[in-house]
Amino acid sequence: MNASTSAKRLAIFNHKGGVGKTTLTVNLAAALANKGKVVLLIDSDPQCNLTAQLFEESVVDGLLDASDGPDGETIWSAVKPLVHSTGKLKRIPVYETSTNNCYIIPGDIRLSEFELELGNWWTDCKEEKPRGFEGTASLSNLAGAHGDRLKADFVFYDTGPNIGPLNRAILLDCDFFIVPGACDLFSVRALKTLGHTLSRWIKLWDNFRGFAPADVTVLSGRPHFLGYIPQGFRVYGGTMARLASSYRSQFEKHLYQDVLAPIRKIHKELAPDQVVGSKLGQVKNCASLVQLSQQQGVPLWEVEGAADYQTQEARMIFSEMADAVIKATS
């Protein structure tokens, strides 16, 4: 039985830290919501930065303090019965954000325990045990249940900076993935590991999925490359700095060579022939605006105390990016 596909599921994914995954996720989701799309955010990073940005500190503390009890309402509260083998996925509420049409399932630092169990469930899948497939698809079932109830158009997973079992389960559930990158040497070098890992996950899951019982949800294992987003670069005179521009060109080259080409060898439909033209947008370094956005819990263009030209530019960038995502996923 395949996972629910009523909403398009995406992850902005790169195992390298510091490439703005959470910032891009928050603002792209808000831009899509502003265009009338219903968006569900799932904070699936144990660091729960997404939750910390969208909720007041006291609310976050309250959610985390109660998450292990019977009244818990975080993502850990939902998966805990499966991890402890005490029951099935628990029903939890979703929360509204400050943006209309945009909702969130709060994260939890205890997802690290869930991730450990995901490693065991992967082995169970290899050994053809139904429990492994049920556990591996637990986030998919959570996304499907809430996405269907909200009649969501998009579900965004917020991923952590690693290539562990949790991100594996997320990427194998996604319809699309977007690759962000800083315009620097380390982002270019990280692509080889990213490509090797993604292609290995897809290939292994292809081998496992045939063992799944008919009545158990099975991850699709078909994450399509949607595009890439260079970000965090310096601008001089309205133009990207020369060194950053050079690294962006290298990033495009290695994205195809080290990420998409290996995936294409497994499933040709998952990767386009070219990367150039797949840029969904770009976001220059705007550290002060990002900091204010995080403090106020609002999208970049709704920040108070920032210059009008900064917020207007941010609104335009993410509006155009949202249009690109809508077009590419239609």
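Predicted model: local features only at pLDDT ≥ 70, side-chain atom pairs only at ≥ 80, totals over all residues.
**View 1. The salt bridge between Lys35 and Asp323****.** The N to O distance here is 3.1 Å. Lys35 sits in the loop between helix H1 (21-34) and strand S2 (39-43), and Asp323 in helix H12 (residues 308-329), so parts 288 residues apart in sequence are tied together. Lys35 is partly exposed, at 33% relative accessible area, and Asp323 is partly exposed at 38%.

**View 2. The salt bridge between Glu269 and Arg222****.** N and O are 3.6 Å apart in this pair. Glu269 lies in the loop between helix H10 (242-266) and strand S10 (283-284), and Arg222 in the loop between helix H9 (185-208) and strand S7 (224-233). Glu269 is partly exposed at 48% relative accessibility, as is Arg222 at 24%.

**View 3. Helix H5 against helix H8****.** The axes of H5 (residues 111-126) and H8 (residues 165-173) come within 8 Å and cross at roughly 70°, which makes H5 roughly perpendicular to H8. Residues in the contact include Phe114 and Trp122 of H5 and Leu166 and Leu172 of H8. By class, the contact has 8 nonpolar, 1 polar and 2 charged residues. In H8, 8 of the 9 residues are buried, so H8 is largely enclosed by the rest of the structure.

Terms used
Residues numbered from 1 in each chain as written. Heavy atoms only, no water. Axes fitted to C-alpha atoms, helices over the stretch in contact; angles between N-to-C directions. Helix = DSSP H or I, 4+ residues; strand = E, 2+ residues; numbered from the N terminus. Parallel < 35°, antiparallel > 145°, perpendicular 65-115°, else oblique. Contact = heavy atoms within 4.5 Å. Nonpolar A, V, L, I, M, F, W, Y, C, P; charged D, E, K, R; others polar. Buried < 20%, exposed > 50% of the residue type's maximum accessible area, 1.4 Å probe, protein only. Salt bridge = Lys/Arg side-chain N within 4 Å of Asp/Glu carboxyl O.
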